[in-house]
Amino acid sequence: SEMCKETDRISYVESVTDDKDSKETLYKRIEISGDTFDKDTPGTYEQTYYIVDTDGNRSNEAKLTIVVQ
């Protein structure tokens, strides 16, 4: 059977803070780039997570690797 091993993606950005925007606002502004994740197709997928605050400042990136078996 196929198995999907996935880390909680929100944990990659849960410690984000800003001097102006609330955590709720920042969560709504999470951007994800990289591979489209397909749980039905075995392979390794890489995604990059970052946040752009309301002033247009971009956070550091967090890279996530997802392996579908």
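Author: The accessible surface of the protein chain comes to about 5000 Å², and carbon and sulfur atoms hold 44% of that surface. Such areas come from the Shrake-Rupley method with a 1.4 Å probe, and for residues only the protein chains shown count as cover. The model is predicted: local features need pLDDT of at least 70 and side-chain atom pairs pLDDT 80 or more, while totals for chains, interfaces and linings use all residues. Residues are numbered from 1 along each chain as its sequence is written, and side-chain values use heavy atoms, without hydrogens and water.

Reader: What makes up the order of elements in the protein chain?

Author: The chain has one helix and four strands, running β-α-β-β-β from the N terminus on. Helices (H or I, at least four residues) and strands (E, at least two) are DSSP runs, numbered from the N terminus.

Reader: Why is Thr48 called buried?

Author: Buried means under 20% relative accessible area, exposed over 50%, and partly exposed in between (1.4 Å probe, protein chains only). Thr48 has 10% relative accessibility, and therefore counts as buried. Thr48 is found in strand S3, residues 43–51. Buried residues make up 22% of the 69 residues in the chain.

Reader: Which residues are in contact with Thr48, leaving aside its neighbours within four places in sequence?

Author: Contact means heavy atoms within 4.5 Å. By that rule Thr48 is in contact with Glu31, Ile32, Ser33, Glu61, Ala62 and Lys63. With the side chain of Lys63, the side chain of Thr48 also makes a polar contact, at 3.3 Å. A polar contact is a pair of N or O atoms within 3.5 Å; within protein, one must be able to donate a hydrogen and the other to accept it, and residues adjacent in sequence count only if both atoms are side-chain atoms.

Reader: Why is the pair of Phe37 and Tyr45 called edge-to-face?

Author: Rings of Phe, Tyr and Trp (its six-membered ring) pair if their centres lie within 6.5 Å; planes under 30 degrees apart count as stacked, over 60 as edge-to-face and the rest as tilted. By this rule the count comes to one aromatic pair. In that pair, Phe37 and Tyr45 lie 5.8 Å apart, centre to centre, with 90° between the planes, which is edge-to-face.

Reader: What makes Tyr45 part of the largest nonpolar core?

Author: A nonpolar core is a set of buried Ala, Val, Leu, Ile, Met, Phe, Trp, Tyr and Cys residues joined through side-chain atoms within 4.5 Å. Tyr45 qualifies as buried because its relative accessible area is 10%. The largest such core has six residues in all: Tyr45, Tyr49, Ala62, Leu64, Ile66 and Val68. S3 and strand S4 (62–68) are the elements that give two or more residues to this core, and the largest share, four residues, comes from S4.

Reader: Is Lys20 buried or exposed, and what joins the side chains of Lys20 and Asp55?

Author: Lys20 has a relative accessible area of 55%, so Lys20 is exposed. Lys20 is found in the loop between S1 and H1. A polar contact of 2.9 Å joins the side chains of Lys20 and Asp55, residues that are 35 apart in sequence.

Reader: Why is Ser22 called partly exposed?

Author: The relative accessibility of Ser22 is 38%, and therefore Ser22 counts as partly exposed. Its place is in the loop between strand S1 (4–5) and helix H1 (23–28).
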